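Have the viewer open and follow along.

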Amino acid sequence: EVTADKIQKLVSRTDLSKAEHDELSCVFAALILHDEGVEVTADKIQKLVSASGNDIEKYWPLLFANALKGQDISRLLSNFGSGSGSSAPAATSAPSGETKTEEKKEEKKEEAEEEVLDGGMDLFGGDEW
């Protein structure tokens, strides 16, 4: 069972930045609330973090509560790392055809610009140096 005392022990490492410390404090608080079957709200996250003796920036609890609002936390936890690898390549492979088309358009545009510049004019409008 994870308690407020355990949060303090887990996030009291000295090798964490302030942001990492604050984020981990909220993660553990949200997990405790979820584990206890309590709704995850900014106020409850803040109270649990404060009870553990941690001081965090005021925006973190609200950020976490908003991110988790309406989410099935159990599903998020059970799907962590499963299936995400197979969907990412499919999403990136579809636009590759569009990327090639865009690259060809850019090449044609660059070639057209080079032809205009080959007319012998310099930067200041003269024909020669």
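Does Leu48 count as buried or exposed? Leu48 has a relative accessibility of 17%, so Leu48 counts as buried. The cut-off behind that call is 20%, because buried means under 20% relative accessible area. Keep in mind that this is a predicted model.

## The overall picture

This chain is a helix story: there are 7 helices and 0 strands. Read from the N terminus, the elements go α-α-α-α-α-α-α. The chain has 129 residues, and 21% of them count as buried.

## Helix α2

Start with α2, which covers residues 18-35, 18 residues in total. From its first C-alpha to its last, α2 reaches 26 Å, close to the 26 Å expected at 1.5 Å a residue. Once you get just past α2, look for Gly37, which takes a positive phi of about 75°.

Which residues of α2 are buried? The list is His21, Asp22, Ser25, Cys26, Phe28, Ala29, Ala30, Ile32 and Leu33.

Two packed helices are described by the angle between their axes and the distance between the axes. Take α2 and α3 to begin with: their axes come within 9 Å and cross at roughly 110°. That angle makes α2 roughly perpendicular to α3, and the crossing of α2 and α3 is right-handed.

The axes of α2 and α4 come within 10 Å and cross at roughly 50°, so α2 is oblique to α4. Here α2 passes α4 in a right-handed crossing. For α3 and α4, the axes come within 8 Å, with a crossing angle of roughly 135°. The pair α3 and α4 is therefore oblique, and α3 passes α4 in a right-handed crossing.

## Links across the sequence

Back to Leu48, which lies in helix α3.

Asn66 lies in helix α4, and its C-alpha is 8.0 Å from that of Thr41, 25 residues apart along the chain. Asn66 has 49% relative accessibility, so Asn66 counts as partly exposed.

## Ser52, between two helices

Where is Ser52? Look in the loop between α3 (42-51) and α4 (59-68). Ser52 sits in a loop, and with 6% relative accessibility Ser52 counts as buried.

What does the side chain of Ser52 reach? At 2.6 Å, the side chain of Ser52 reaches the backbone oxygen of Val49.

A pair of aromatic rings is described by the distance of the centres and the angle of the planes. How many aromatic pairs does the structure hold? There are 2 aromatic pairs. In the pair of Trp60 and Phe64, the ring centres are 6.1 Å apart and the planes sit at 40°, so the pair is tilted. The tilted class applies because planes under 30 degrees apart count as stacked and those over 60 as edge-to-face.

Trp60 and Phe64 both belong to helix α4, where they are 4 residues apart, about one turn of the helix. Trp60 counts as buried because its relative accessibility is 9%. Phe64, at 14% relative accessibility, counts as buried too.

Key: Residues are numbered from 1 along each chain as its sequence is written. This is a predicted model: local features need pLDDT of at least 70, side-chain atom pairs count only at pLDDT 80 or more; totals for chains, interfaces and linings use all residues. Side-chain values use heavy atoms; hydrogens and water are left out. Buried means under 20% relative accessible area, exposed over 50%, partly exposed in between (1.4 Å probe, protein chains only). A polar contact is a pair of N or O atoms within 3.5 Å; within protein, one must be able to donate a hydrogen and the other to accept it, and residues adjacent in sequence count only if both atoms are side-chain atoms. Rings of Phe, Tyr and Trp (its six-membered ring) pair if their centres lie within 6.5 Å; planes under 30 degrees apart count as stacked, over 60 as edge-to-face and the rest as tilted. The expected span of a helix is 1.5 Å times one less than its number of residues. Axes are lines fitted to C-alpha atoms, for helices over the stretch in contact, and angles run from 0 to 180 degrees between N-to-C directions. Angles under 35 degrees count as roughly parallel, over 145 as roughly antiparallel, 65 to 115 as roughly perpendicular and the rest as oblique. A crossing is left-handed if the near helix is turned anticlockwise from the far one by less than a right angle, and right-handed if clockwise.
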